[in-house]
Amino acid sequence: MNCPFYYKIGTCRHGDSCTRQHNKPPVSQTLMFARLYQNPTAAIAFTQGLQVPQEDLREAALHFEDFFQEVFEEFAQYGEVVDMVVSDNIGEHLLGNLYLKYATEEQAEACLGAMLGKLYKGQVIQAEYSPVTDFREAKCRQYGEGACDRGGYCNFIHPKHIDKKVRRELHDAMYEQYPEYEAAAKQRT
């Protein structure tokens, strides 16, 4: 029997010892980069429900925004980035995971090939194809409503917040730099 968590989230808290199957896709539009984002201490403390000074929270938010922009621009070299989600969970299986969805499987394949063996902030990048195709299914609905009682240990993705304006600016810049992505997107619709 297939593991429903692995199928929806691309990872499972039981890992290799799970009693259900984790069928890794041979190809996918979505990639998962395990532990790519290193959350600042203040952000982790906040996720655990601890009181954190506003200044530290602002600094953590800027840290994440810089990270998001840096990796988005890097990944856009390989294809049209449709969506990018970073997990704010603190459970081992979701901690710092980045999910990246491309417009095509070929673009995801190009990125995966380019990233394997590379270092980011002194750590080897761990990337793989992910079965996640719909981030709405992978995200915690209660978290989105501000009511998840599992906190950072929830088994569904608690996405780190990135301002819509920043996201829009990154996509606009991507389409400006790579006009072929926008042309291909128009042909798909």
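**Close-up views of a predicted model**

**View 1. Lys121 in the loop between two strands.** Lys121 is placed in the loop that lies between β4 (residues 119-120) and β5 (residues 123-124). The model shown in this and the following views is a predicted one. Although Lys121 is not a glycine, its phi is positive, at about 55 degrees. Its relative accessibility is 65%, and Lys121 therefore counts as exposed.

**View 2. Arg35 in the loop between β1 and α2.** The loop that holds Arg35 runs between strand β1 and helix α2 (residues 41-47). Arg35, which is not a glycine, has a positive phi of about 55 degrees. With a relative accessibility of 34%, Arg35 counts as partly exposed.

**View 3. Thr30 and its surroundings.** Thr30 belongs to strand β1, which spans residues 30-34. Its relative accessibility is 0%, so Thr30 counts as buried. Beyond the residues up to four places away in sequence, Thr30 touches Leu100, Lys101, Glu128, Tyr129, Ser130, Val132, Thr133 and Phe135. One of these, Ser130, is 100 residues away from Thr30 in sequence, yet the C-alpha atoms of the two are 5.4 Å apart in space. The view also shows the side chain of Thr30 reaching the backbone oxygen of Val132 at 2.7 Å.

**View 4. The largest nonpolar core.** In soluble globular proteins, nonpolar side chains tend to be buried together. The largest nonpolar core of this model contains 33 residues, and Phe33, Phe75 and Leu98 are those with the most contacts inside it. Two or more residues are given to this core by each of β1, α3 (54-75), β2 (81-86), β3 (98-102), α4 (105-115), β6 (126-129) and α7. Helix α3 provides the largest share, six residues. Leu98 is in contact with Leu31, Met32, Phe33, Leu36, Phe67, Val71, Phe75, Met84, Val85 and Val86, when neighbours within four places in sequence are left aside. Another core, of nine residues, lies apart from the largest one; Leu94, Tyr99, Val132 and Phe135 are among its members.

**View 5. Glu80 and its partner Arg188.** Glu80 lies in the loop between α3 and β2. The relative accessibility of Glu80 is 5%; buried means under 20%, and Glu80 therefore counts as buried. The side chains of Glu80 and Arg188 are joined by a polar contact of 2.6 Å. Apart from neighbours within four places in sequence, the residues in contact with Glu80 are Lys101, Tyr102, Ala103, Gln107, Met174, Tyr175, Tyr181, Ala185 and Arg188.

**View 6. The crossing of helices α7 and α8.** Helix α7 covers residues 164-177 and helix α8 covers residues 179-188; their axes come within 4 Å and cross at roughly 100 degrees. Angles of 65 to 115 degrees count as roughly perpendicular, and α7 and α8 are therefore roughly perpendicular to each other. On the α7 side, the contact is made by Met174, Tyr175, Glu176 and Gln177, while α8 contributes Pro179, Tyr181 and Glu182. By type, the residues of this contact comprise four nonpolar, one polar and two charged.

Terms used. Residues numbered from 1 in each chain as written. Predicted model: local features only at pLDDT ≥ 70, side-chain atom pairs only at ≥ 80, totals over all residues. Heavy atoms only, no water. Axes fitted to C-alpha atoms, helices over the stretch in contact; angles between N-to-C directions. Parallel < 35°, antiparallel > 145°, perpendicular 65-115°, else oblique. Contact = heavy atoms within 4.5 Å. Nonpolar A, V, L, I, M, F, W, Y, C, P; charged D, E, K, R; others polar. Buried < 20%, exposed > 50% of the residue type's maximum accessible area, 1.4 Å probe, protein only. Polar contact = N/O pair within 3.5 Å; in protein donor to acceptor, adjacent residues only side chain to side chain. Core = buried A, V, L, I, M, F, W, Y, C linked by side-chain atoms within 4.5 Å.
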